[in-house]
Amino acid sequence: MTWLGPVCSSGMHADLYSCRSCLYELDQRVLEANIRRDIAALPVRPSTPVPRRP
């Protein structure tokens, strides 16, 4: 078990521990959240209009 730090829930405090597989899952969720945030911050490039055929 790995100690993650203190946690506060419903006005109570306790130490938070995690097993290796749960720690990996938490790390992946944090990574995905940051990737989504970074993608959302990218500037939007205007699309090139498609020429119409006569």
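Reply: Buried means under 20% relative accessible area, exposed means over 50%, and partly exposed is in between (1.4 Å probe, protein chains only). This is a predicted model: local features need pLDDT of at least 70, side-chain atom pairs count only at pLDDT 80 or more, and totals for chains, interfaces and linings use all residues. Residues are numbered from 1 along each chain as its sequence is written, and side-chain values use heavy atoms, without hydrogens and water.

Me: OK, is E25 buried, partly exposed or exposed?
Reply: E25 is partly exposed, because its relative accessible area is 38%.

Me: Which side chain does E25 meet in a salt bridge?
Reply: That of R29, at 3.0 Å, N to O. A salt bridge here is a side-chain nitrogen of Lys or Arg within 4 Å of a carboxyl oxygen of Asp or Glu.

Me: Where do R29 and E25 lie?
Reply: Both are in helix α1, four residues apart, about one turn of the helix. Helices (H or I, at least four residues) and strands (E, at least two) are DSSP runs, numbered from the N terminus.

Me: How many salt bridges does a search of the whole structure find?
Reply: Two. R37 and D38 also meet in one, at 3.4 Å, N to O. R37 is exposed, with a relative accessible area of 52%, and D38 is partly exposed at 43%.

Me: New topic. Where is L16 placed?
Reply: In strand β2, residues 12-18. L16 is partly exposed, since its relative accessible area is 36%.
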